[in-house]
Amino acid sequence: MSQVHPTAIVDSSATIADGVVIGPWSIVGPNVSLATGVVLKSHVVIQQDTAVGANTAIHSFALVGGDPQHLGYKGETVRLEIGENNIIREHATLNRGTPQGTGVTRLGNNCLLMTGAHIGHDCVVGNNVTMANSATLGGHAEVGDRVFLGGLCAVHQNGRVGQGAIVGGLAAVTRDVIPYGSVWGNHARLRGLNLIGLKRKGYGKDQLRRLLAFYRELFEGEGQFAGRLATIGETYNDIPELVEILDFIREGGKRPLCLPNAE
């Protein structure tokens, strides 16, 4: 059985599963679904057209499923989809998609969004992502699994941050960040690999040495970057993470690539 505080407002079209707790002064709008174990602390607003996965906790004054901040939005039906086991802290904002994009904003599972974090319209955020205080994603940004976004950093709209990457606090990320990359600064520059994240993934010293050798050869070697990119895969095609980095670069995106010398 769900627990709904008497001061909460729940729209008649909302779907509330067993085990949901809706705290005082919270608002659950039309076409919202809350799965088993969802907890809304006091003063939470879920505006509309949003699905929240099981065991996700949303803290006070968060605004979830708000209208996209896009001048082209004219009230069309668009959605926000939130996965399971997430923690969304105070004053975080997550906007629905736009008709100009995919129409859906997505947040994966087991993520932590700290106070004031923002996920813009049409973003796709993976699993086990941490967004520190006031970290911001512009519209259409893509963030892979196990990414850490430092406090007050901002990822440009249409930007990509590959899985396992770490973005330093206050970084202005105007270029794509490779998987397992480590970037910081304003504007952010690629400073190396996320060695802490790789160690947590289980890499030993010998594996890390090879990863670092790959990084130095690709990003700090002699000659043109394009030439190094064209040939380096022949040497390192047996390491899945390095193949992933190369695929990420070759696939390309709407933003340029963040490089060590990128200003």
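**Note on the predicted model: sheets, core and pocket**

1. In this predicted model, strand S4 (residues 21–22) and strand S7 (residues 39–40) run parallel and are joined by two bridges. Within that pairing, Ile 22 has Leu 40 of S7 as its bridge partner. Both strands belong to an open sheet of eleven strands with mixed pairing, in the order S1-S4-S7-S10-S13-S16-S19-S22-S25-S27-S28. Its edge strands are strand S1 (3–4) and S28, each of which pairs on one side only.

2. A further open sheet is formed by eight strands, ordered S3-S6-S9-S12-S15-S18-S21-S24, and here the pairing is parallel.

3. Strand S12 can be followed to both of its neighbours. Strand S9 (residues 50–52) pairs with S12 in the parallel sense over three bridges, with Val 52 standing opposite Ile 82. Four bridges join S12 to strand S15 (residues 104–107), again running parallel, and the bridge partner of Glu 81 in S15 is Arg 106. The two faces of S12 can be told apart: Leu 80 and Ile 82 make up the covered face, while Arg 79 and Glu 81 make up the uncovered one. In a regular strand, side chains alternate between the two faces of the sheet.

4. Strand S11 (residues 63–66) has pairings to two strands that deserve mention. With strand S8 (residues 45–46), S11 pairs in the parallel sense over two bridges, and Val 45 stands opposite Leu 63. With strand S14 (residues 93–95), S11 runs parallel and is joined by three bridges; there the bridge partner of Leu 63 is Thr 93.

5. The largest nonpolar core has 69 residues, of which Leu 34, Leu 94 and Leu 137 touch the most other members. At least two core residues come from each of strand S6 (32–34), S12, strand S28 (189–193), helix H2 (205–220), helix H3 (225–236) and helix H4 (240–251). H2 gives the most, with six residues. Beyond four places in sequence, Leu 94 touches residues including Leu 63, Val 64, Leu 80, Ile 82, Leu 107 and Ile 119. In soluble globular proteins, nonpolar side chains tend to be buried together.

6. Is Asn 86 buried or exposed? Asn 86 is buried, because its relative accessible area is 1%, below the 20% cut-off. A polar atom of the Asn 86 side chain lies 3.3 Å from the backbone nitrogen of Asn 110. Leaving aside residues up to four places away in sequence, Asn 86 touches Asn 55, Thr 56, Ala 57, Leu 107, Gly 108, Asn 109, Asn 110 and Cys 111.

7. The largest pocket has a volume of about 310 Å³. Seventeen residues line this pocket, and those closest to its centre are Arg 146, Asn 194, Ile 196, Gly 197 and Arg 200. Helix H1 (residues 195–200) gives the most to the lining, with five residues.

Methods. Residues are numbered from 1 along each chain as its sequence is written. This is a predicted model: local features need pLDDT of at least 70, side-chain atom pairs count only at pLDDT 80 or more; totals for chains, interfaces and linings use all residues. Side-chain values use heavy atoms; hydrogens and water are left out. Two strands pair if DSSP finds at least two bridges between them. Buried means under 20% relative accessible area, exposed over 50%, partly exposed in between (1.4 Å probe, protein chains only). A polar contact is a pair of N or O atoms within 3.5 Å; within protein, one must be able to donate a hydrogen and the other to accept it, and residues adjacent in sequence count only if both atoms are side-chain atoms. Contact means heavy atoms within 4.5 Å. A nonpolar core is a set of buried Ala, Val, Leu, Ile, Met, Phe, Trp, Tyr and Cys residues joined through side-chain atoms within 4.5 Å. On a 1 Å grid over the protein atoms alone, a cavity is a set of points where a 1.4 Å probe fits but cannot get out, and a pocket is an open set with protein on both sides within 12 Å along at least five of seven lines; lining residues have an atom within 4 Å of a point. Grid points are joined across faces, edges and corners, and a volume is the space filled by probe spheres set on the points.
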